[in-house]
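Good morning, everyone, and thank you for letting me take a few minutes. Please have a look at the structure first, and then I will go through some of its details with you.

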Amino acid sequence: MKTRVHPRAAVVSLSALLVALAATIASLTMGDYPMPLRDVVTVLAGGDGSTRRSAYVILELRLPRALGAIAVGAAFGLSGAIVQRVVRNPLASPDIIGINAGAGAAAVFLVVVVAAGPVAVASGALTGALATAVAIYLLSRRRGVTGYRLVLVGIGITAMLTSVTAYLLTTANVYTAEQAAIWLSGSLAGRSWGHVLPVLLAVAALLPVALRLAASLRALELGDDLALALGTRAEPARVGLLATAVALAAVATAAAGPIAFVALAAPQLARRLVRERGLALVTSAAVGAALLACADLAARRVLAPAELPVGVLTTVLGAPLLIWLLARANRIGRTG
């Protein structure tokens, strides 16, 4: 399969990756233990920098978090782009249709009821996200799956799971509830290589899959009947695309918590920057990486020495975007 490369999309993607790289470099040099760029370069090149402490801070504390922001942002951005294209609705994203809510409910249950550790919580969040996605798909399936039905069922499931999460938090003791609330806010603080590597591997493995399925995505946007006339079986193609999107969102949520609005905002920004040329899947991933890398840097430094969970910042910035999209949809009489 030949993949068309649009020059404007390539330029936007490269620019977004350069922004993400700049944010990463800033993240490695800034913090409670400021570090000259020279030491950072020395450590990354294989040296020890000025002290072994510098190497530990960069390689074990800051680099996993910085790369985690890029990987999680790319996963959310790509996942959101696929979901929005499949359901043909710019208001759809994994956090809107219930994937994050499923991960959150499972994680809070494990923290509050089971008193599980970080690894078990991450694994439970991944399982909860995948199980929720399967439930949403089955409940919205009736002679195939339509976009509006998937979104409506997802919103209903989100409301139910949010209620479950709220109930669990009200029954927990203060300390346990605080632990759960920190995870629910979405944060990259304290992330290690064990959190980051699965997301990096997932993005590396699933991005080619998404590009391979891009031809089916183009056909699905024309409607099931026309897609079938063009030789594309709509239902298997839709299942494959949604499975790819769910896997990306689930792995990212398990690693960093339910960080809101990145999956919604990144594809919208990408589509406008490329001016609707192409599907903008790679561009959405690059924009997502840049958004989360910059947001995490801002969350670390805007109230320094205090630190905000990055999910709080993305919610504050993403809510106006959602309002604007709703207002625009109401003004032009459609959502796609």
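Which helices each supply at least two residues of the nonpolar patch? They are α1 and α2 (37–44), where helices (H or I, at least four residues) and strands (E, at least two) are DSSP runs, numbered from the N terminus. Before I go on, please keep in mind that this is a predicted model, in which local features need pLDDT of at least 70 and side-chain atom pairs count only at pLDDT 80 or more, while totals for chains, interfaces and linings use all residues. Residues are numbered from 1 along each chain as its sequence is written, and side-chain values use heavy atoms, with hydrogens and water left out.

The nonpolar patch on the surface is formed by Leu14, Leu18, Leu21, Ile25, Leu37 and Val41, which together have about 550 Å² of accessible area, a value that comes from the Shrake-Rupley method with a 1.4 Å probe, where for residues only the protein chains shown count as cover. A patch is made of residues with over 30% relative accessible area and no salt bridge, with like charges joined within 9 Å and nonpolar side chains (Val, Leu, Ile, Met, Phe, Trp, Tyr) within 5 Å. The largest share, four residues, comes from α1.

Let me stay with that helix for a moment. Ile25 has its place in α1 and is partly exposed, with a relative accessible area of 36%; here buried means under 20% relative accessible area, exposed over 50%, and partly exposed in between (1.4 Å probe, protein chains only). Ala20 also lies in helix α1, which covers residues 7–29, but Ala20 is buried, at 1%. Leaving out residues up to four places away in sequence, Ala20 touches Ile70, Ala289, Ala290 and Ala293, a contact being heavy atoms within 4.5 Å. Ala20 and Ile70 are 50 residues apart in sequence, yet 6.9 Å apart in space, C-alpha to C-alpha.

Now to the charged side chains. A salt bridge is a side-chain nitrogen of Lys or Arg within 4 Å of a carboxyl oxygen of Asp or Glu, and by this rule the count comes to two. Asp296 forms one with Arg65, their closest N and O atoms being 2.9 Å apart, and this pair links helix α13 (residues 281–301) with helix α3 (residues 52–87), 231 residues apart. Glu307 also forms a salt bridge with Arg65, reaching from the loop between α13 and α14 (310–332) to α3.
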